[in-house]
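Here is a short briefing to read with the structure at your side. Take a moment to look it over, then follow the topics below one by one.

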Amino acid sequence: MTRIDEIDTFLEKATILEQTIKGLSDGSLKSDTISLKEYGILTPEETAQEEAREKIVRQKRAQKKDERIAAEKERERSKWWDGAVYTFGPREGSLAEREIIVEERKKQECRNEAK
């Protein structure tokens, strides 16, 4: 878009806005039938809708950020425990050993049921 086109577009918008303002002031246009949103002029309802939409977007962003942080903490915790188990081995009576015992019992029960 050339500079002249940009100027023409601006002048066209300015003319439309000027005609709209004149129509509103002389009563030929009703304010509830037109929207000046494209010119940055919002009705109270449009303002409320825009604020509600922005609030929802902010909440979604905050939720995603919280989920990312929680996932990162879980990865760090898992990484730390993996390193500790690798370095020192599982603790006697540790959760890992108990999980292995429970899994073995479940496998044994499945084998017994299959017979």
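A residue is called buried when its relative accessible area is under 20%, exposed when that area is over 50%, and partly exposed in between (1.4 Å probe, protein chains only). At 40% relative accessibility, glutamate 74 is therefore partly exposed. Please keep in mind that this is a predicted model: local features need pLDDT of at least 70 and side-chain atom pairs count only at pLDDT 80 or more, while totals for chains, interfaces and linings use all residues. Residues are numbered from 1 along each chain as its sequence is written, and side-chain values use heavy atoms, with hydrogens and water left out.

**Overall layout**

- The protein has 3 helices and 0 strands, where helices (H or I, at least four residues) and strands (E, at least two) are DSSP runs numbered from the N terminus.
- Of the 115 residues in the protein, 5% are buried.
- The accessible surface comes to about 10700 Å², and 55% of it belongs to carbon and sulfur atoms; such areas come from the Shrake-Rupley method with a 1.4 Å probe, and for residues only the protein chains shown count as cover.

- Glutamate 50 is bridged to arginine 53, with their closest N and O atoms 2.6 Å apart.
- Both of these residues, glutamate 50 and arginine 53, sit in helix 2, 3 residues apart, which is about one turn of the helix.
- Glutamate 50 is partly exposed at 22% relative accessible area, and arginine 53 is partly exposed at 45%.
- Glutamate 72 forms a salt bridge with arginine 75, the closest N and O atoms lying 2.7 Å apart.
- Glutamate 72 and arginine 75 are also both in helix 2, with 3 residues, about one turn of the helix, from one to the other.
- Their relative accessible areas are 35% for glutamate 72, which is partly exposed, and 49% for arginine 75, which is partly exposed too.
- Glutamate 74 and arginine 77 both belong to helix 2 and are 3 residues apart, about one turn of the helix.
- Arginine 77 is partly exposed, with a relative accessible area of 44%.

**An aromatic pair**

- How many aromatic pairs does a search of the whole structure find? The search finds 1.
- That pair is tryptophan 80 with tryptophan 81, arranged edge-to-face, at 4.8 Å centre to centre and with 85 degrees between the planes.
- The rule is that rings of Phe, Tyr and Trp (its six-membered ring) pair if their centres lie within 6.5 Å; planes under 30 degrees apart count as stacked, over 60 as edge-to-face and the rest as tilted.
- Tryptophan 80 is exposed at 55% relative accessible area, whereas tryptophan 81 is partly exposed at 42%.

**Surface patches**

- Patches are made of residues with over 30% relative accessible area and no salt bridge; like charges are joined within 9 Å, and nonpolar side chains (Val, Leu, Ile, Met, Phe, Trp, Tyr) within 5 Å.
- Lys and Arg count as positive and Asp and Glu as negative, while His and the chain ends are not counted; each charge is placed at NZ of Lys, CZ of Arg, CG of Asp or CD of Glu.
- Lys60, Lys64, Lys65 and Arg68 form a positive surface patch.
- Lysine 64, one of these residues, is found in helix 2 (residues 44–88) and is exposed, with a relative accessible area of 55%.
- Ile7, Phe10 and Leu11 make a nonpolar surface patch of about 320 Å².
- Isoleucine 7 lies in helix 1 (residues 3–26) and counts as partly exposed at 45% relative accessibility.

How values were computed. Salt bridge = Lys/Arg side-chain N within 4 Å of Asp/Glu carboxyl O.
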